[in-house]
Amino acid sequence: SYIDHLRILESKGELSPNTLAKQYKTFTNYIKGTTSKKGDEIRLPTLDLSKASEIKNYCEQVIPLDSCKRFITRLSKACDWAKDSGMI
């Protein structure tokens, strides 16, 4: 749902198509599961938001630091949006 929201922002010119296509695709892969360039599997250990510290700790261990910071920031924004929208 958050990605659909971002597509609306993109259509209004409020979000770069490049950001949506590249960064959010990568971040979605982190959630669904992907393989790193080193061949390691990256998949969040849980989607349970009450275990946010477990998610953060996992990301810090398996995702490159710069990408990890962007991912956690964007994940936080998605959660804030979902909360404001009454989804969580």
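Predicted model: local features only at pLDDT ≥ 70, side-chain atom pairs only at ≥ 80, totals over all residues.

Biologist: Great. Which residues make up the largest nonpolar core?
Modeller: Ten residues do: Phe27, Tyr30, Ile42, Leu44, Ile55, Tyr58, Cys59, Ile63, Cys68 and Phe71. Helix 2 (17–32), helix 3 (52–62) and helix 4 (65–84) each give two or more residues to this core.

Biologist: And where does the largest share come from?
Modeller: From helix 3, with three residues.

Biologist: What is cysteine 59 in contact with, leaving aside its neighbours within four places in sequence?
Modeller: Cysteine 59 touches Leu44, Cys68, Phe71 and Ile72.

Biologist: Switching topic: how do the axes of helix 2 and helix 4 cross?
Modeller: They cross at roughly 90 degrees and come within 11 Å. Angles of 65 to 115 degrees count as roughly perpendicular, so helix 2 is roughly perpendicular to helix 4.

Biologist: Which residues make that contact?
Modeller: Helix 2 brings Thr19, Gln23, Tyr24, Phe27, Tyr30 and Ile31, while helix 4 brings Ser67, Arg70, Phe71, Arg74 and Leu75. By class, that is six nonpolar, three polar and two charged residues.

Biologist: Back to helix 3. Which of its residues are buried?
Modeller: Ile55, Tyr58 and Cys59 are buried in helix 3. They span an arc of only 100 degrees around the axis, so they sit on the same side of helix 3.

Biologist: What covers them?
Modeller: The cover includes strand 2 (41–42) and helix 4.

Biologist: And which exposed residues are on the face turned away?
Modeller: Ser53 and Gln61 are the exposed residues on that face of helix 3.

Conventions. Residues numbered from 1 in each chain as written. Heavy atoms only, no water. Core = buried A, V, L, I, M, F, W, Y, C linked by side-chain atoms within 4.5 Å. Buried < 20%, exposed > 50% of the residue type's maximum accessible area, 1.4 Å probe, protein only. Helix = DSSP H or I, 4+ residues; strand = E, 2+ residues; numbered from the N terminus. Contact = heavy atoms within 4.5 Å. Axes fitted to C-alpha atoms, helices over the stretch in contact; angles between N-to-C directions. Parallel < 35°, antiparallel > 145°, perpendicular 65-115°, else oblique. Nonpolar A, V, L, I, M, F, W, Y, C, P; charged D, E, K, R; others polar. Arc of directions from axis to C-beta.
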